[in-house]
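Reader: Could you take me through a close look at one part of this model, going residue by residue where that helps? I would like the terms spelled out with their cut-offs as you go.

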Amino acid sequence: EMEPYIPISNQAVRSCLSGATVLFWIFLILICIVAVIVYRLSMYASFAKITVNMRKVKYIGTFVTPQMVTSVTASILNFIIIMILNFFYEKVAIWITDLEIPKTHFEYENRLTMKMFLFQFVNYYTSCFYVAFFKGKFIGRPGDYNRLFGSWRNEECDPGGCLIELTTQLTIIMAGKQIWGNIQESLWP
């Protein structure tokens, strides 16, 4: 079988285009994470105003807190964004790997696997990384709080820490991924 000859300069352009596409998608993930953070901040403020009078109700006021509702809804929103980005990126990764024209099937598989691994790692775990290492660390001090976009005060963890929120985030992402995979297997052979 004849092998197509591609000059080195053309290969370099194709590789640069491929790398730029991967970086663009990773940047898109970061933008989505910032959007979820803004959602968390705005929804926390909204739920805090709504639930001021709900503290008098015995069960709702103690179990349904603004922090818990915001955490769960943001985790679900984040999972939906993860699945949408993953669906589209899978098609883009195949396209840019085909564009590179690797010489062997083994090389094709390695390049595609590297692209998918890098994207999925960043896609699935950036929000968890934010909650575990950055949330509540840059809030400022009383009287001089740091603000996001000049209006929203940065997020704080519960007095016990962010472990419950991190657990909620991981549970929704991991269980949601399993449920979605099972649905796809049974409905879409």
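Author: Ser127, leaving aside its neighbours within four places in sequence, is in contact with Ile33, Asn78, Gln169 and Ile173, where contact means heavy atoms within 4.5 Å. Its place is in helix α4, helices being DSSP runs of H or I with at least four residues and strands runs of E with at least two, both numbered from the N terminus. With a relative accessible area of 5%, Ser127 is buried; the word buried stands for under 20% relative accessible area, exposed for over 50% and partly exposed for what lies in between, using a 1.4 Å probe and protein chains only.

Two points about the source belong here. The model is predicted, and local features need pLDDT of at least 70, side-chain atom pairs count only at pLDDT 80 or more, while totals for chains, interfaces and linings use all residues. Residues are numbered from 1 along each chain as its sequence is written, and side-chain values use heavy atoms, with hydrogens and water left out.

One of the partners of Ser127 is Gln169, which lies in helix α5 (residues 163-187). Gln169 counts as buried, at 0% relative accessibility. Not counting residues up to four places away in sequence, Gln169 touches Arg40, Ser75, Asn78, Ser127 and Cys128. With Ser75 there is a polar contact from side chain to side chain at 2.9 Å, a polar contact being a pair of N or O atoms within 3.5 Å, of which, within protein, one must be able to donate a hydrogen and the other to accept it, and residues adjacent in sequence count only if both atoms are side-chain atoms.

Ile82, in helix α3, is 45 residues from Ser127 in sequence and 10.0 Å from Ser127 in space, C-alpha to C-alpha. Ile82 is buried, with a relative accessible area of 0%, and, again not counting residues up to four places away, touches Asn123, Tyr124 and Ile173.

Ser127 also takes part in the packing of α4 (residues 105-134) on α1, where residues including Ile29, Ile33, Ile37 and Arg40 of α1 meet residues including Asn123, Thr126, Ser127 and Tyr130 of α4. The residues of this contact divide into 12 nonpolar, four polar and two charged; Ala, Val, Leu, Ile, Met, Phe, Trp, Tyr, Cys and Pro count as nonpolar, Asp, Glu, Lys and Arg as charged, and the others, Gly among them, as polar. Helices α1 (residues 8-50) and α4 pack at an angle of about 20 degrees with their axes 10 Å apart, axes being lines fitted to C-alpha atoms, for helices over the stretch in contact, with angles from 0 to 180 degrees between N-to-C directions. They are therefore roughly parallel to each other, since angles under 35 degrees count as roughly parallel, over 145 as roughly antiparallel, 65 to 115 as roughly perpendicular and the rest as oblique.

The axes of α1 and α3, by contrast, come within 10 Å and cross at roughly 170 degrees, so these two helices are roughly antiparallel. The residues of that contact divide into 24 nonpolar, seven polar and three charged.
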